[in-house]
Amino acid sequence: MNDGQKANTSDIERLVKASQAGDRNSFDKLVRLYQRRVMRMAVRMLGNANEATEVVQAGFIKAYLGIGKLRQPKQFEIWLLRIVTNVAISRARAAKRRAEKVKVAGYYDNKNNLSPVERASTRELKEAIKQAMLKLSKKEAKAIALFGLKDLSHREVSEIMGCSVEAARWHVFQARQKLKGLLKDHL
Amino acid sequence: MKDKNEQIDLLLERNTTEQLQTVDWDRLNAAISGRLDQARQRKTPWTCRSTAFKIAAGLVAAAATVLLVVLVRTDTPTGMRFENGGRAVVEFIESKGSASIQIRPIAAKSQVSIDIGGSCREVAKCNIEIIDVKQEQQKNGRRPTWIIIRMPEPVLADNGTSRDEMDLMCLL
């Protein structure tokens, strides 16, 4: 599955039901189907691939442990994204408190084809985006991240966020307004 | 306005795409798989027991709790367990600030009122355990006490800005 696109396979429901029955292989297939999409959302939300990796792992573990409670298997994606956004929010808040300065690890930043100036500029932009995302409210961060996923309807975004469609749109608007100010030097 | 919005969206999208290009998906998948194995091992003993035990274990798991620990300074005498209710001032360990907490016993659980900054007052019901710390009484007559508040994990899913405040607010 493309990382930005929604899974359209009819097997999802079957895989979820099998996972609920204890079939680990089926859950592994769900992980492979959704990991790119979930990772995209987490990176967009946190602005950092390292932290997103941790969030995605924790999110899938929570989903695995709680899949028995999912009553509507066809809602798996919405349920999974809700879990991961909540984990991401927890992570972002923790990072904000610690004023964590996580350096991007080597294998996540192997832009060897860039000049030193370009590399510095890229790092600066990444850090600026990461810090800007931390300054958004949790609703705004969720909204701007979820609206970036292709094929996810506004109604689905609002379901994941637990608010109305209008409220979700408002949070996106607010997020963009804040980001315009915070990232004005990079626009 | 629209151009600026598009620029923001493009900037976020470009950053996301660039970072995703550097992710080692096989490594990520292996990491998730490894952690799922660990999670399954923790779950296995539960599934090997009798049906009755599974049900009981399921009930316990559904009520999986998180220990929320805050340091409470109180002028209550040693050994007091708030059976008759009590008041305490909460001092956050992790962040600056304070809150007052009032505990009233009701049925099987305790009822908690919390004031944060004097402006927010909410009530929650939860399991509470007070553990006195055996230390000398301080000059102001207060002694440190640990209060453990147990809440179901899902309540903690959506947190606030500070861990301490979050823990308290999650009660509400």
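Buried means under 20% relative accessible area, exposed over 50%, and partly exposed in between, with a 1.4 Å probe and protein chains only.

I note that this is a predicted model, in which local features need pLDDT of at least 70 and side-chain atom pairs count only at pLDDT 80 or more, while totals for chains, interfaces and linings use all residues. Residues are numbered from 1 along each chain as its sequence is written, chains are lettered from A and ligands numbered from 1 in the order in which they are written, and side-chain values use heavy atoms, with hydrogens and water left out.

Not counting residues up to four places away in sequence, Phe76(A) touches Ile12(A), Val16(A), Leu30(A), Tyr34(A), Ile67(A) and Leu70(A).

I then went to Thr85(A), which is found in helix α4 of chain A; helices are DSSP runs of H or I with at least four residues, strands runs of E with at least two, numbered from the N terminus. Thr85(A) counts as buried because its relative accessibility is 0%. Leaving aside neighbours within four places in sequence, Thr85(A) is in contact with Met41(A), Met45(A), Lys142(A), Leu146(A) and Ile160(A).

**Cavities**

I found three cavities of 30 Å³ or more. A cavity is a set of points on a 1 Å grid over the protein atoms alone where a 1.4 Å probe fits but cannot get out, and lining residues have an atom within 4 Å of a point. The largest cavity holds about 60 Å³ of space.

I listed its lining: Met45(A), Leu46(A), Ile89(A), Ala92(A), Arg93(A), Met133(A), Leu134(A), Leu136(A) and Ala141(A). α2 (24–46), α4 (76–98) and α5 (116–134) of chain A each supply at least two residues of this lining, and α4(A) gives the most, with three.

**Chain B**

I counted four helices and six strands in chain B. From the N terminus on, the elements of chain B run α-α-α-β-β-β-β-β-β-α. Of the 172 residues of chain B, 37% count as buried.

Note on methods. 1 Å grid on protein atoms, 1.4 Å probe; cavity = no way out; pocket = protein on both sides within 12 Å on 5 of 7 lines; lining within 4 Å. Points joined across faces, edges and corners; volume = space filled by probe spheres on them. Contact = heavy atoms within 4.5 Å.
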